[in-house]
Each structure stands twice: as C-alpha cells, then as structure tokens.
4 protein chains.
Amino acid sequence: MSNEQPVFDPKNMPFRRLGNSGLRVPVFSLGGWLTLGGTVVGDPVKEIIKIAWENGINMFDTAEVYAQGKSELEMGRVIRELNLPRHELVITTKLFWGQGKSPNAGGLSRKHIIEGTQASLKRMGLDYVDVIFAHRPDVTVPMEEIVRAFNYVIEKGWAFYWATSEWSAQQLEEAHHIASKLNLIAPIAEQCQHHMFHRERPEKEYLPLYSKYGMGTTTWSSLASGLLTGKYNNGIPENSRFAQHSDFFKNTVAELQKPEGQEKIKKVRELTKLAEELGTSTAALALAWVARNPNTSTVILGATSPEQVVENLKAIEVLPKLTAEVLERIEGILQNKPEAPNLFGRPALDTFGRPAY
Amino acid sequence: MSNEQPVFDPKNMPFRRLGNSGLRVPVFSLGGWLTLGGTVVGDPVKEIIKIAWENGINMFDTAEVYAQGKSELEMGRVIRELNLPRHELVITTKLFWGQGKSPNAGGLSRKHIIEGTQASLKRMGLDYVDVIFAHRPDVTVPMEEIVRAFNYVIEKGWAFYWATSEWSAQQLEEAHHIASKLNLIAPIAEQCQHHMFHRERPEKEYLPLYSKYGMGTTTWSSLASGLLTGKYNNGIPENSRFAQHSDFFKNTVAELQKPEGQEKIKKVRELTKLAEELGTSTAALALAWVARNPNTSTVILGATSPEQVVENLKAIEVLPKLTAEVLERIEGILQNKPEAPNLFGRPALDTFGRPAY
Amino acid sequence: MSNEQPVFDPKNMPFRRLGNSGLRVPVFSLGGWLTLGGTVVGDPVKEIIKIAWENGINMFDTAEVYAQGKSELEMGRVIRELNLPRHELVITTKLFWGQGKSPNAGGLSRKHIIEGTQASLKRMGLDYVDVIFAHRPDVTVPMEEIVRAFNYVIEKGWAFYWATSEWSAQQLEEAHHIASKLNLIAPIAEQCQHHMFHRERPEKEYLPLYSKYGMGTTTWSSLASGLLTGKYNNGIPENSRFAQHSDFFKNTVAELQKPEGQEKIKKVRELTKLAEELGTSTAALALAWVARNPNTSTVILGATSPEQVVENLKAIEVLPKLTAEVLERIEGILQNKPEAPNLFGRPALDTFGRPAY
Amino acid sequence: MSNEQPVFDPKNMPFRRLGNSGLRVPVFSLGGWLTLGGTVVGDPVKEIIKIAWENGINMFDTAEVYAQGKSELEMGRVIRELNLPRHELVITTKLFWGQGKSPNAGGLSRKHIIEGTQASLKRMGLDYVDVIFAHRPDVTVPMEEIVRAFNYVIEKGWAFYWATSEWSAQQLEEAHHIASKLNLIAPIAEQCQHHMFHRERPEKEYLPLYSKYGMGTTTWSSLASGLLTGKYNNGIPENSRFAQHSDFFKNTVAELQKPEGQEKIKKVRELTKLAEELGTSTAALALAWVARNPNTSTVILGATSPEQVVENLKAIEVLPKLTAEVLERIEGILQNKPEAPNLFGRPALDTFGRPAY
C-alpha cells in the first residue's frame with residue numbers, strides 16, 4: 001500500500017449541508033447496516049467502500065450495534081487500508097443498544113454515551129467521527145443528561161456534531177429547548193426511515209423542525225427493505241434479503257401477504273412502469289424521490305456488492321427528471337401524501353405568504 | 001334578585017388542582033359549547049347554571065366562538081343575575097376563531113389575543129377570567145409571539161392562567177421552551193378531546209408533558225358527542241344532537257354507518273351492560289372513566305337541561321367503583337388501549353421506577 | 001353617521017404576514033406621506049381612506065413628522081368618522097423627528113420614544129397603534145436604550161409590535177442582539193425605500209435578516225417619487241409632484257437632468273412598452289414588481305385622490321403576470337440586479353441546497 | 001545554529017494593543033501573502049524575517065491558503081531556524097480556503113476550523129498561534145457554529161485569540177451577538193484591506209464596531225498592491241508585481257487603464273510630491289497614513305527582499321509628521337473621505353460629545 005493518499009473527487013455527486021450545519025454531505029452516502037461487517041466481510045467491504053469513494057461518496061455511516069460492533073471494526077479497517085484522507089471523509093456512527101446485557105450497557109445515559117463513544121472510536125481506530133447519532137430516543141433518561149453528554153463528547157473532540165435517529169418531534173423540540181436554555185450544542189439532523197410507503201414522520205411530523213431549526217435528515221431504508229426495487233413484484237425470490245434475514249423481516253414479509261401488502265406491491269408495479277418510461281430502474285426512481293425532498297440531506301445506501309453501489313447511484317441521473325409533473329404522477333400512484341398542517345380555518349396566505357413553519 | 005350572594009357548597013364534588021397550578025377545579029365542570037347561548041337561551045341557561053352551582057360545580061367554560069359570542073353573553077349575564085360570588089367561581093374562555101372576515105379577526109397573533117381577550121371580557125361583563133385558552137394552535141404565528149401575548153394578558157390582570165386546546169405535544173413542548181427561556185408564564189392545562197374512543201393524544205402523545213410539566217387536562221366531548229350515552233345503541237333518535245346538528249355531525253353520523261362505527265356501537269352495548277351491572281348509566285360510566293384518569297383535571301359537561309346536569313353528575317358515585325378489575329374489563333371491551341412508549345429494549349425499570357418523562 | 005360599523009371585506013386583496021409576526025397586512029396599504037394631512041386635507045382624505053377600505057386596504061401608515069402631525073390628526077379623525085372597526089384595522093405610525101427645535105424633541109431616546117408615542121396616540125385619538133416604527137436609526141443613543149423603550153411601549157399596550165425604517169443591516173443585527181440577550185421584543189419589519197432603481201439595501205444588504213429573523217418590509221417610494229409612473233418619460237409636467245414639491249425633490253429633479261437620470265428615463269420608457277404589452281400601466285407594473293418580492297410584506301401607496309388608489313390597485317392583477325420570463329425581461333431592461341452574496345469560492349450547493357441565509 | 005535565542009528589541013517600533021485585547025502588536029508587521037513561501041523561498045525568506053525581527057517587527061502573519069500551505073511551512077521553518085523565542089513572537093494564520101476539492105476541505109464549518117487549525121499548526125511546527133483568523137466570512141455556515149468552533153480552538157490552546165478578515169459589519173455584529181449570548185470568546189480584530197483608495201469599509205462601515213467592541217484592524221494591501229509606492233506613476237514596469245502576477249492582478253491592471261484608474265495615478269503623483277516635501281517616499285507616506293488611523297492596530301507589510309522591509313519601515317518616522325494640516329492636504333488630494341454617519345438632523349453634540357457607537 002502506497003503512502004500516497006487518494007484525492008477525493010466528487011464527480012457528479014451533488015453535495016448538501018447536513019441540516020443547518022456547515023458540514024457538506026453527498027446526496028447519497030453509504031451505510032453499514034445489515035451488510036458491511038455483517039453479511040459482507042473482508043475484501044468485499046474494501047471493494048464496496050473503494051467504489052463508493054471513486055464515485056463521489058465520501059460519507060460512511062455505521063453504528064455500535066451493527067453486527068455487534070463488527071461493522072465499525074470492518075469499516076474502520078478498510079478506511080485505514082485504503083489510506084483515505086480523514087479530512088475529506090464524513091464518518092458517522094450511532095449509539096444506543098451497546099453490547100451485552102448489563103443494565104448500563106446501552107441507552108442514552110451519560111455513562112453509555114461517553115463509554116460508548118470511546119468504544120466506537122476504538123473499534124474504528126479513529127480519533128473522532130464527524131457526527132455521532134443517538135440511535136433511538138431514551139425516555140428513561142432526562143433530556144438534560146442526554147444533551148449535556150453529547151455536548152461533552154463534542155467538547156472532547158470526539159465528534160464535530162451530534163444528531164438523532166427516530167426521535168419524535170416532541171423529543172426533538174425538547175432537545176432544542178434544553179440546548180438553547182443551557183447554551184449547549186443542539187442536534188443537527190435526524191436519521192429517519194423515509195421511503196414511498198413511510199412518509200408521515202419525515203413529511204409531516206417533522207415539518208416545524210425543518211423550518212425552525214433547519215433540521216436535515218439522513219434517511220434509511222429508502223428502498224423499503226428492497227420492496228421498492230421491484231424485486232418482489234412477482235413474489236419473494238429465494239436469494240433476497242427478506243428470505244435471507246427471514247427472522248428480522250418476518251413481520252415485513254407477513255405484511256406483504258396481507259391485502260395492504262398486496263396493495264403496495266401493486267403500486268410498485270406501477271412505479272416500475274414509470275421508471276421504465278423514464279429510462280431508469282424502480283430502485284433509482286425510489287432513491288431519487290427521497291433525495292429530491294428538500295429536507296433530505298443524504299440518502300444512506302446499503303450495498304452487498306460494488307455493482308450495487310454503481311447501480312443505485314444511477315439515482316443521481318434521475319434527480320433532474322423528477323419534474324413537478326412526474327412527482328404528481330408518483331403521488332397519483334402512491335395515494336398516501338401526508339395531510340398539510342391544520343390551519344383551523346385561518347385565512348390562507350397568498351402564494352408569496354410564508355407560514356411560520 | 002336579592003343582594004345576598006349564594007354560598008358555594010362543594011357537596012360531594014371532588015376537587016383537583018388544574019395541572020400543576022394552585023387553582024382547584026371540580027372534577028366535573030360545565031361548558032357552553034353548542035348549548036348555552038346556542039340551542040339554549042334565556043331562562044333555561046339560568047336554570048342549568050343554577051343547578052350546576054347547587055350540585056358542586058363552580059367552573060364554567062365558554063369560548064368567543066361559541067354561538068358567535070352569544071355563549072359568553074348569556075353565561076356572563078346569568079352569573080351576574082344569579083349573583084354568584086366571583087371569587088368562588090372558576091370562569092374560563094377560549095380564543096382563536098374570532099369573528100368577521102378580516103384576516104386579523106382571529107388566530108393567535110398578539111393583536112387578536114389582546115383584542116380578543118378584551119372583547120370576551122366585555123361580552124361576559126367581567127374584569128377577568130380565571131383561565132384563558134388558546135382554542136387551537138396557530139402554526140402561522142411564532143410561538144414567542146403567542147407566549148408573550150398570553151403572558152401580557154395575565155400581567156394585565158385579565159386572566160390568572162393560560163392554557164391550550166388541541167395542541168400537539170411538540171407545540172406544547174415549544175411553548176414551555178419559550179416560556180422557560182424568556183421567563184414567561186407557561187400554559188397549565190390542555191383542553192383536549194378525551195373519551196373511550198379517542199385516547200391516543202391524551203393517553204399517549206401527552207405522556208411526557210404530564211410528568212415533566214404537570215400538565216392537566218380539561219376534557220371535552222367525553223361522551224363522544226352522545227355516542228357513549230348509549231342512545232345510539234339502536235339507531236339515531238330524531239331528537240338527538242346528531243339529528244339536530246346534522247350538518248356539524250354529518251361526518252360523525254356517516255362514520256357510525258361504516259363497519260368501524262358499527263364496531264363502536266357494539267362496544268357501547270357491552271358498556272351499557274357493564275353499567276347496568278354497576279348500577280349506573282352508560283353515560284355516567286363513560287364520564288367517570290375519563291375523570292378517573294390521573295391526568296384529567298376536570299371533565300367538561302354539556303347540558304341542555306338542569307336534569308341532564310344532575311343525571312351526568314351520577315358519575316361521581318361511579319368513581320370509587322372503577323376498581324382495577326373493572327378498568328380491566330373496560331379495556332377488554334374497548335380493545336384500543338394506546339401502546340406504552342417504545343423503550344427500544346432498554347432494561348425495564350422496577351415497579352417503582354419512574355421513567356424520565 | 002350610523003352607529004353600524006362597516007364590515008371589512010378583503011375582496012381580491014392578497015394578505016401576508018408582516019415579517020415573522022402573526023399580524024396580517026394587505027399587499028398594498030395606504031400611507032399619508034406628503035399627501036394625507038399635507039397637500040390633501042378635509043373631505044378628500046375621507047374619500048381616499050373610504051375607497052381604500054372598500055377595495056381591501058385595511059392598513060394605514062402615518063408618522064409624527066408627516067405634515068408636522070397633521071397627517072396623524074387627519075387620518076385619526078377620518079377613521080373615527082368612518083366608524084371603521086378598530087380590530088379590523090392595521091394602523092401604524094413612526095417616531096423620530098418629533099416637532100420643535102428642542103434637543104430632546106426627537107430621536108430615539110427613551111424620553112422621545114415614550115413621549116412621542118403618547119403624543120401620536122393623542123393626535124390620532126387612539127388607545128394603541130398596531131405597529132410603531134423607529135423612523136430612522138439614531139446612532140447617538142445606545143441600542144439597549146432604544147430596544148428597551150420600544151419594549152416598554154408594547155408592554156404598556158400602546159402598540160402590538162415595533163419596527164424600523166432605513167436602518168442598516170448592522171443596526172438591525174444589533175437590535176436583535178440586544179433583544180435576544182435581554183429577552184426583549186425584537187423588531188419585526190423594516191420600512192425601506194424599494195423600487196426598480198433602489199435595490200441594493202432591500203435586495204442585498206438585508207438578505208441575512210430576512211432568513212435569520214424573518215424580517216418583512218413595508219416599502220415606500222415604490223414608484224420612485226413618480227418616476228416609475230412614466231409621467232416623466234417626456235419631461236417634467238407642471239402639475240407633477242416634482243414640480244409641486246420642487247424644494248423637497250430639488251435633488252431628484254436635478255439628477256434626472258444628468259446622464260444617469262436620462263439613462264433611467266430611457267429604461268422607464270422600455271418598461272412602459274412592456275406594461276402596454278401586459279395590458280397594464282407602468283405604475284401598476286412597478287408596484288407589482290416590488291410586491292412580488294418574497295420579502296415584501298406590503299407596498300405602501302401614496303394617493304392624492306380616490307381615483308389614484310383604484311388606479312394603483314390594478315397592480316394586484318399584474319402580480320400573476322410576473323412570470324419568471326417577464327421578470328427576466330425586466331432585469332434585462334434594468335441592468336441593476338444586486339450581486340449575490342460572495343461565497344468566496346465555497347463549493348456551490350446543488351439546486352436543493354439551502355445556504356445559511 | 002547556536003542554542004542562544006536572540007533577544008527581541010523593539011527599537012523605535014511603536015506597539016499597540018490588538019483591538020480591545022491584551023495582546024501588543026507592532027504598528028508594522030510582516031505578512032507572507034504572495035511572497036514568503038510563494039515567489040520567495042529558502043534563504044531569502046530567512047533573511048527577510050531576520051531583518052524584520054532586528055528592526056522591531058515581532059509579528060508574522062500567514063494563512064493556510066498562501067502558496068498552498070508553503071507559506072506556513074517556510075515561515076515556520078525559518079522561525080525555528082532563527083531560534084526566535086516563541087513568547088516574544090506574535091504569529092498569526094488564517095483559515096478558509098483549505099486545500100483540495102472535497103466539499104469539506106474549506107470554509108468555516110466546525111470540521112474545517114478544527115481540522116484546518118491542526119493542519120496549519122503541523123505545517124508551521126507550532127503548538128499554537130497567537131491569533132487565528134477566519135480568512136473570509138462563510139454565509140453557508142450558521143454563525144453559532146463558527147463562533148463555537150473558534151472558541152473550541154482557543155479552549156484547546158491552539159490559539160490565544162481569534163479574529164476575522166473581510167467580514168461585513170453585520171457579520172461582525174452577529175458574531176459578537178452570538179459570543180455574548182453564549183458566553184463565548186468574541187473576535188478581537190479584523191484583517192481588512194485599507195489604503196488611500198479603499199476607505200469605505202475600514203473608515204465608515206466599521207465605525208460602530210470600533211467604539212462598541214474595541215475592534216482593531218490588521219490592514220492588508222496598504223500600498224494598494226504597489227500603486228501607492230508611486231512606481232506606476234509612469235506606467236507599469238516590467239519587474240513589478242502587477243506584471244509578474246498578471247493573472248491575479250489582471251482586473252487591477254485593467255482598471256488602471258480606465259479613466260478612474262488614470263485619476264488615481266494622478267493623485268499618487270501629487271502624493272509623491274507631498275512625500276518629497278516631507279522628505280520621505282510615497283510608500284512610507286501611504287503606510288504611515290494607514291498606521292496613523294486610530295483604529296489600525298498593525299499594518300501588515302509584504303516584502304520580497306530585506307531591503308524592502310527596511311525601506312517600508314521608514315514609515316515610522318513619517319508618523320509624527322502627519323499633523324492635522326498634512327492630513328488635511330492628503331484629503332485635499334484624495335477627495336474620497338467617507339461621509340460621516342447620517343444623524344438625520346439630530347442636534348449635533350458638543351465637541352466632547354461621544355456618539356453612542
């Protein structure tokens with residue numbers, strides 16, 4: 001391995017600010033969930049990360065819980081071996097479940113936030129991550145303790161920013177409340193599930209937070225665990241993720257058999273037709289659709305092979321094709337657009353009027 | 001009319017603090033919605049308020065929008081005519097919809113909160129109310145403006161406390177955020193819909209607010225617009241509220257015809273059986289069930305006649321009958337208990353452990 | 001005059017929030033500068049305000065200095081005589097120059113802000129105005145004194161909001177600084193000169209304030225003292241404002257004779273052609289152009305006759321005609337678009353990227 | 001090289017506080033822009049820094065962007081080799097443009113401020129600099145993030161103070177706002193362009209900041225890229241900076257050909273006459289004129305040879321010659337004195353009256 005560091009080239013990858021922060025993230029980033037360090041280990045991890053880097057992805061997301069720490073270990077190893085320059089990377093990890101059965105092994109206590117961050121950095125072989133996420137809310141810990149602990153992690157230099165994952169609007173509001181009151185650093189983003197069949201939270205519940213705090217999102221499962229690739233359009237193939245992780249996806253699979261599930265598959269078939277019409281794949285259309293949302297900062301991609309990374313990045317070319325008319329057609333297929341906030345009959349503002357959020 | 005003021009006697013009415021405030025409210029209070037000043041005017045209003053007062057109800061709730069201001073006019077007139085002592089009363093009103101077409105005639109702008117409060121007090125002939133409610137959230141006004149304006153109303157002496165109605169947990173959290181940050185007075189209670197078929201918001205969404213801020217509720221529609229009296233157990237009678245206000249309740253009625261509606265009526269029939277078993281009415285059981293919730297401060301009753309007030313107050317006697325076993329049976333009938341907050345696998349706390357919220 | 005109050009009807013007037021406040025203002029409002037109480041007195045003032053009200057204008061702007069207080073006197077008198085309902089009106093006035101030669105007769109000292117507000121209210125015969133403006137910045141008074149004094153005026157109930165006029169971005173930033181630090185009420189809007197030949201301040205200098213504080217503008221001189229009506233396209237007519245107020249407009253007139261002035265008139269001639277093409281007047285085009293700016297809350301119109309009000313309100317119909325293409329053509333004529341903020345080579349964000357302001 | 005450290009002797013160099021800080025800086029300091037590490041490398045760098053040190057200059061300014069990091073490398077190397085005592089030096093560097101194409105390689109994100117400071121220190125071989133400058137404003141990053149990050153750098157011990165370069169008054173005001181609100185360290189100085197033909201910003205726009213926050217300036221280009229040496233009085237000589245860096249100065253050169261440029265050269269010729277009359281050079285006069293401004297903390301000199309340092313330091317002797325009368329004559333030549341702040345007719349204060357800013 002040469003000492004020469006490869007120089008990052010964003011290629012045609014669009015970059016965005018991560019929420020209202022100064023950090024730039026690629027519109028598509030790479031995540032380790034279920035794959036890197038889990039079903040994929042060793043050289044293939046390196047090939048996947050290398051191809052991502054070469055295609056403009058410089059953000060890599062993992063979590064202490066992914067593959068019981070092996071995701072952090074593998075991703076850290078590969079980044080070192082590829083000699084990628086640290087300041088050109090955006091590396092993120094997430095804390096919550098920890099490891100082991102001890103009552104203090106996880107959650108968002110000050111103890112676990114500090115011990116967990118240190119353990120994650122050690123596994124990755126890094127001095128710091130760019131963003132540390134609270135992987136879930138923890139209603140058994142006072143919000144003040146949580147915000148103080150993440151602030152501590154940042155002041156220690158172990159992370160530049162902190163963020164949340166799957167918190168409710170009320171919990172995020174409280175985090176901002178505490179941060180503002182105590183002059184502490186507030187979270188900048190939310191790692192939320194967002195795909196064509198999961199819209200209420202990212203598209204409605206979070207609305208006041210986008211406008212007030214400039215919150216950004218780093219979305220996960222934007223292909224609905226594969227459903228939006230179209231590969232289940234004609235049943236569940238044997239080598240699919242649903243078949244392989246049948247335990248994990250048991251409920252998901254079961255629900256696909258129900259009338260609501262069948263309804264979804266019908267919609268995916270229509271999306272597949274639309275994708276063909278646009279000269280792209282169902283997956284690329286679904287990914288671009290999430291990326292196109294103005295509050296999305298980055299769509300986290302999963303991948304089990306380098307080819308899949310390249311395949312999914314075709315979504316970049318779909319972005320400009322998502323015209324108002326095409327978006328309208330997608331809504332026509334989905335029929336699940338979240339309601340606008342209730343104004344309770346307040347006089348509507350004109351086309352240039354700006355609501356408070 | 002004698003100059004002698006009638007002396008309030010709480011009788012067997014239980015009193016509670018209104019949220020975490022020092023104000024005591026009767027567990028059952030009287031509201032003017034749709035009735036007082038609307039379908040009921042003149043002497044009957046006086047008879048209803050008189051019987052309520054004589055039965056331990058000293059809290060009367062109205063709103064600027066009820067009967068376009070006539071509810072405030074009528075209730076104010078009657079209280080004066082009955083010569084009820086102001087300091088023994090708890091009088092509340094609510095602002096939001098205002099009157100007229102002007103874009104500034106309603107909402108929660110500083111302008112409408114101040115002008116609207118003054119107009120309400122003038123209609124009621126009062127110097128102050130005990131609690132002024134924001135009748136709905138107004139997402140087109142910055143929360144700081146709203147909290148500052150209600151604080152102003154209190155500092156002016158026009159109200160002792162302020163509260164909200166039908167705000168989301170996120171909105172309430174923000175109101176507390178602003179109040180705390182600016183050292184202003186925070187809202188003390190929420191006037192929310194709460195009945196056996198409407199539980200998610202009061203029993204789940206608001207959970208963090210009860211424990212953190214001691215929020216109380218003043219519930220409305222606790223009989224589900226009459227559905228929980230059992231009077232629709234065998235169809236919609238001609239003289240019922242649903243028939244009379246068919247426009248207003250159009251949707252409600254329509255929904256009763258649907259399978260979900262029929263399912264509800266089936267449950268009410270079972271509740272009726274349980275009520276008979278407990279020696280009370282379906283309505284009294286349903287009211288007591290809401291009143292028994294530890295976060296309920298007061299259940300607001302509607303009434304079109306003095307008899308109805310007396311009838312509904314039988315719920316007081318039902319309160320001690322709502323044992324753990326009976327509550328369990330009610331859950332068995334309703335099958336709609338909101339899920340507990342997701343702990344995401346965090347080790348359960350012991351039986352005395354209090355979650356952070 | 002009947003006791004019956006006329007009911008406000010917004011007609012086709014679009015309404016907007018005044019900056020980030022809850023107050024709604026009509027996109028076109030009426031101001032008293034140079035006319036009402038000045039060159040126009042008595043019944044004509046009433047006719048002008050009446051026609052404005054009947055055409056959806058419920059906001060009236062004046063200042064203590066306009067016609068040495070006579071503008072406030074006249075406008076107050078007329079509003080009373082027309083019996084217009086106070087809560088459906090938005091009345092604004094402005095303090096700075098005061099009256100008389102005493103060193104304390106004007107400026108933004110606590111003394112003049114409080115004494116001046118009281119004097120204005122007395123002249124207008126009102127208990128309060130909706131918005132009180134600092135008519136200019138006063139660099140001889142500490143900002144803390146200014147912000148505290150306007151906060152006092154609001155807490156006294158003499159105004160619902162305060163705002164500024166012709167302040168620099170630095171001064172506005174400082175006002176927000178002080179308000180935020182001392183938990184006082186911040187200004188919500190800027191009354192700034194904004195027309196096709198005066199763009200730097202409203203379109204560039206204020207940019208960070210629009211996004212950070214939601215500042216709105218109430219624009220004055222949007223017809224460039226008449227230049228943008230096209231009436232000087234062929235010289236200065238005898239009965240024009242420039243001729244009548246030759247002292248006041250001496251400089252303006254002199255500048256029109258210079259090469260730069262002649263250049264402007266040439267551009268107005270081109271705008272006149274464009275207006276004809278759009279089936280409207282040059283004035284209506286110029287007014288709509290300012291109104292169309294997303295940061296404009298209201299364009300303040302001057303008027304010397306009822307006909308002029310009606311004439312200028314034709315701008316409402318022009319608003320939807322200002323398509324991207326038409327705006328492009330206007331820029332092509334004006335050639336004075338302010339430069340975008342300097343990013344100093346920072347990587348441009350993609351089309352969905354949001355800069356910090 | 002001996003272990004003996006040379007002892008600093010200020011000679012006749014006047015020292016000033018750097019703004020309202022406790023740090024003393026020489027009125028003339030040495031900068032690396034375009035020269036040290038760029039057109040000048042190796043031994044000449046050492047000779048220049050040595051002669052500066054021996055003539056009372058103990059402050060050296062560089063930036064991460066100067067010669068793509070080589071300026072920091074060279075200046076750091078020389079200071080070590082000359083064995084100059086760290087505590088007798090004032091070393092400053094500036095962050096903004098970073099290096100490389102990565103979207104996070106520059107700007108004022110927390111990431112780049114922290115990573116960039118560490119990289120600069122590494123290049124210079126230092127544990128800390130005295131002052132770290134934000135080399136430009138970054139409107140794509142929230143001010144809170146910027147102020148927090150510089151505060152972090154100081155708390156880490158990597159710098160004693162932070163400052164800005166070419167920020168607008170509004171941006172500086174906001175930085176002080178945030179620092180004051182969050183109890184963080186505020187910037188102490190501005191590295192701004194200031195010379196006889198560039199006066200608006202340092203002499204007018206920044207006025208409120210000098211008086212309120214005691215801001216100082218470290219001026220750059222005080223010879224107007226050489227124009228004020230008089231060497232272009234008779235055209236552009238072949239070996240001049242304008243000729244050598246023709247790309248960089250293309251616009252500057254082009255502008256000198258225009259009427260405005262010719263006007264400037266005419267003025268420089270008059271300044272040359274005045275300089276001769278005062279027995280000094282045009283350059284020394286121009287430098288002394290900036291140094292004499294009461295808000296200037298230090299004038300940063302560029303140099304391509306040791307002789308040039310000595311030559312420019314003749315400005316020290318000019319300082320006492322800049323009497324009120326001479327300054328008046330300079331204004332007579334320049335004819336570009338910025339207007340005083342508009343008082344809008346407020347009664348003038350007496351000769352000892354201090355305006356609020």
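Student: Let's start with the interface of chain B and chain A: how many residue pairs are in polar contact there?

Tutor: Keep in mind that this is a predicted model. Across that interface there are 7 residue pairs in polar contact, counting those with both residues at pLDDT 80 or more.

Student: And how many salt bridges between chain B and chain A?

Tutor: There are 2 salt bridges between chain B and chain A. One of them pairs Glu174(B) with Lys212(A), with the closest N and O atoms 2.8 Å apart.

Student: Which elements of chain B give two or more residues to the side that touches chain A?

Tutor: Those are helix H5 (169–182) and helix H7 (207–213) of chain B. H5(B) gives the largest share of that side, 8 residues.

Student: How much area do chain B and chain A bury between them?

Tutor: About 2700 Å², with 63% of it on carbon and sulfur atoms. The contact involves 31 residues of chain B and 30 residues of chain A.

Student: Which residues of chain B lose the most area to chain A?

Tutor: Val139(B), Phe344(B) and Arg346(B) do, and together they make up 27% of what the chain B side buries.

Student: OK, switching over. How much do chain C and chain B bury between them?

Tutor: For chain C and chain B the figure is about 1900 Å², and 49% of that is on carbon and sulfur atoms. Chain C brings 27 residues to the contact and chain B brings 21 residues.

Student: What about polar contacts and salt bridges there, how many?

Tutor: Between chain C and chain B there are 14 residue pairs in polar contact, both residues being at pLDDT 80 or more. There is 1 salt bridge, and it joins the side chains of Lys111(B) and Asp130(C) at 2.6 Å, N to O.

Student: Which elements of chain C give two or more residues to the side touching chain B?

Tutor: On chain C they are strand E1 (15–17), helix H4 (143–155) and strand E7 (159–164).

Student: New topic: rings. How many aromatic pairs are there over all chains?

Tutor: A search of the whole structure gives 40 aromatic pairs. One of them is Phe8(B) with Phe15(B), an edge-to-face pair at 6.2 Å centre to centre with 75° between the planes.

Student: Is Phe8(B) buried or exposed?

Tutor: Phe8(B) counts as buried because its relative accessible area is 14%, and the cut-off for buried is under 20%.

Student: Which residues make the pair between chain C and chain D?

Tutor: Phe344(C) and Phe96(D), which are edge-to-face at 6.2 Å centre to centre, with 85° between the planes. Phe344(C) is in the segment after helix H14 (324–334) of chain C, while Phe96(D) is in the loop between strand E5 (90–95) and helix H3 (110–124) of chain D, so the pair joins two chains.

Student: How accessible are those two, in relative terms?

Tutor: Phe344(C) has 19% relative accessibility and counts as buried. Phe96(D) is buried too, with a relative accessible area of 1%.

Student: Which residues of chain A do ring pairs link into a cluster?

Tutor: Phe8(A), Phe15(A) and Trp53(A) are linked that way.

Student: Last one: which residue lies over the face of Tyr152(A)?

Tutor: That's Arg110(A), 4.9 Å from the ring centre. In chain C, the charged end of Arg110(C) sits over the ring of Tyr152(C), 4.9 Å from its centre.

Key: Residues numbered from 1 in each chain as written. Chains lettered and ligands numbered in written order. Predicted model: local features only at pLDDT ≥ 70, side-chain atom pairs only at ≥ 80, totals over all residues. Heavy atoms only, no water. Phe/Tyr/Trp six-rings, centres within 6.5 Å; stacked < 30°, edge-to-face > 60°. Buried < 20%, exposed > 50% of the residue type's maximum accessible area, 1.4 Å probe, protein only. Helix = DSSP H or I, 4+ residues; strand = E, 2+ residues; numbered from the N terminus. Lys NZ or Arg CZ within 6 Å of the ring centre and 35° of its normal. Contact = heavy atoms within 4.5 Å. Buried area = accessible area lost by both parts, 1.4 Å probe. Salt bridge = Lys/Arg side-chain N within 4 Å of Asp/Glu carboxyl O. Polar contact = N/O pair within 3.5 Å; in protein donor to acceptor, adjacent residues only side chain to side chain.
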